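Please look over the model below before reading on. My comments are set out as numbered points.

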Amino acid sequence: MFFRLLKLEWKSFFRSASLGRGLGVKIFLGFLAVYFLVSFLGLGIALYPIMEEVYPGEQPIKMVNGFLLLWFVGEFVMRFLLQNLPVMDIKPLLTKRITRKNILHFLLAKTSYSFYNFPTLVTAVPFAIYSYHMQSISLPQMLAWLIAVAGIVYSSNFFIFWVQKRFSNNLKALIPFIVICLGLYAIEYFGLYSLSNLFGSFFDAVLQYPILCLIPVILAVTSYWVTYKDLKENLYLDAYMEEKQGFSGAADLSWTSRFGALAPFLQLDLKLIWRNKRTKSALWLSLAFLAYGLFFYTNPKFDGGNMMVFVGVMITGIFIINFGQYIPAWDSSYFPLLRTRPITMEKYLESKAVLMYGSALILMVLSTPYLYFGWDKVYTNFACAIYNVGVNVPVILFFGAYNKKRIDLSAGSAFNYQGIGAAQWLVGIPLLLAPTLIWFGVSFLKDQNTANLVLIALGLIGLLLRKVIIKGIAEMYVEKRYVMLEGFKQKD
């Protein structure tokens with residue numbers, strides 16, 4: 001049955017109406033995969049000499065064992081953010097005379113040759129071969145070590161889908177998990193107890209007692225079985241419907257009623273952001289970018305330079321950039337319906353602007369801990385936030401009038417290029433380059449305080465004129481509505 005399902009998937013790809021685009025994307029992703037795998041292969045070949053140079057007199061494989069926990073944690077985070085269960089491929093099978101058992105085994109077997117499983121393996125194999133020839137380690141010991149590494153990799157591969165189901169759609173459930181992880185990191189950081197050494201000690205023990213390699217294998221089988229049982233209980237077209245509706249209740253978003261006529265639009269946007277992986281990834285990326293300043297504020301080379309304003313624009317405006325550049329493509333699936341309702345384009349755009357205003361305000365407040373590096377950093381971030389809401393929001397709405405690329409929200413977020421057109425490439429120039437040049441020019445002629453005041457003034461002018469600006473942009477949307485509607489209908 002597995003090979004029959006694989007044959008059906010192969011035929012569906014080559015019989016697809018979008019074969020040309022799909023084949024082109026797969027070739028491009030194939031080149032990326034080869035590039036990264038070659039890079040990891042090079043790391044595996046060079047790892048033994050690097051360990052010998054950095055830790056002279058120590059066994060390189062034992063030094064590597066001490067870092068394995070950090071490696072696997074990084075791999076797990078990468079999987080959580082990028083790896084998705086290919087559930088869309090099995091939906092057509094649910095209406096056929098195929099047992100759920102066969103469907104699920106096929107689904108999970110497909111993930112076993114996912115790209116995310118190979119970076120660790122292509123790094124570990126050449127390092128193991130190198131260690132076998134250079135150290136007094138027997139072949140059974142080295143094979144046991146590789147089996148243990150592979151067992152952890154596949155445990156992560158199967159277990160990540162169970163974790164994503166529990167945490168990706170439930171922020172409250174994620175908070176205790178984050179607190180526990182931070183607590184374990186604090187224990188490691190302050191030297192109270194070393195979890196990485198404990199994890200490394202297990203792999204040291206595998207080298208001494210190869211039979212212990214069965215423990216990661218058993219862990220991988222257990223992860224497979226736990227994920228299989230969870231998927232089997234929820235393998236329905238309407239699975240998790242009740243849980244998703246829990247967030248969408250009107251009471252949860254009742255606070256938006258204070259925005260009057262804009263409330264329904266804001267509720268739709270908030271539900272859209274939380275329910276879909278691609279929009280949710282824009283939200284998580286915005287929070288992650290709060291740490292962007294650490295790369296520059298801790299480096300004296302960039303302190304006081306024009307990179308300060310670039311960092312400020314990115315920290316406070318990353319959501320505006322990531323979410324705003326796809327307006328109105330986020331609503332492409334039901335944009336024709338919106339045009340048949342008694343809804344003015346001006347109100348539609350104003351609701352999007354209010355959402356982006358709120359994001360800039362929240363990110364600015366969350367960036368205030370940079371006060372540790374000096375008042376000038378917080379002041380610059382504040383000036384950039386005002387500039388973002390007053391100037392960059394209208395700019396990104398203006399470019400949205402030229403957006404006619406459809407976005408399928410049911411598609412995954414990793415390597416998803418839907419909705420990307422010329423407008424998305426051009427919009428970055430005024431969003432990032434303009435404030436940087438303005439700030440740098442004024443600070444060069446006068447000083448940084450004056451440069452910040454100029455950005456604040458430009459932002460306030462934009463806010464004062466927002467009604468007029470949004471009205472003018474709305475007229476552009478109305479003029480180009482038929483081009484948008486035609487573009488949003490094209491699924492290929």
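The points below go from the whole chain to single residues.

1. Confidence. This is a predicted model, and its mean pLDDT is 77, with 74% of the residues reaching 70 or more. Two stretches should be read with that in mind. Residues 240–251 stay under 50 in pLDDT, and the model gives them 12 contacts beyond four places in sequence. Residues 412–419 also stay under 50, and there the model has 29 such contacts.

2. Overall make-up. The protein chain has 22 helices and 0 strands. It is 492 residues long, and 40% of these count as buried. Of the contacts between residues at least 6 apart in sequence, 78% join residues at least 24 apart. The accessible surface is about 26,800 Å², and carbon and sulfur atoms account for 70% of it.

3. Salt bridges in general. How many salt bridges does a search of the whole structure find? The count is 3. Side chains of opposite charge can pair when their charged atoms come close.

4. Glu 75 and Arg 79. These side chains form a salt bridge with an N to O distance of 3.3 Å. Both residues belong to helix H3 (residues 60–82), and because they are 4 residues apart there, about one helical turn separates them. Are the two buried or exposed? Both Glu 75 and Arg 79 are buried.

5. Glu 350 and Lys 467. The closest N and O atoms of this salt bridge are 3.0 Å apart. Glu 350 sits in helix H16 (residues 345–366) and Lys 467 in helix H21 (residues 466–479), so the pair ties together parts 117 residues apart in sequence.

6. Asp 376 and Lys 377. Here too the side chains meet in a salt bridge, at 3.3 Å from N to O. Asp 376 has 30% relative accessibility and therefore counts as partly exposed. Lys 377, at 3%, counts as buried.

7. Ser 286. This residue lies in helix H12, which covers residues 277–288. Why does Ser 286 count as buried? Its relative accessibility is 2%, and the cut-off for buried is under 20%. Leaving aside residues up to four places away in sequence, Ser 286 touches Ile 318, Phe 319 and Leu 363.

Conventions
Residues are numbered from 1 along each chain as its sequence is written. This is a predicted model: local features need pLDDT of at least 70, side-chain atom pairs count only at pLDDT 80 or more; totals for chains, interfaces and linings use all residues. Side-chain values use heavy atoms; hydrogens and water are left out. Helices (H or I, at least four residues) and strands (E, at least two) are DSSP runs, numbered from the N terminus. Buried means under 20% relative accessible area, exposed over 50%, partly exposed in between (1.4 Å probe, protein chains only). Contact means heavy atoms within 4.5 Å. Accessible areas come from the Shrake-Rupley method with a 1.4 Å probe; for residues, only the protein chains shown count as cover. pLDDT is the predictor's confidence in each residue, from 0 to 100. A salt bridge is a side-chain nitrogen of Lys or Arg within 4 Å of a carboxyl oxygen of Asp or Glu.
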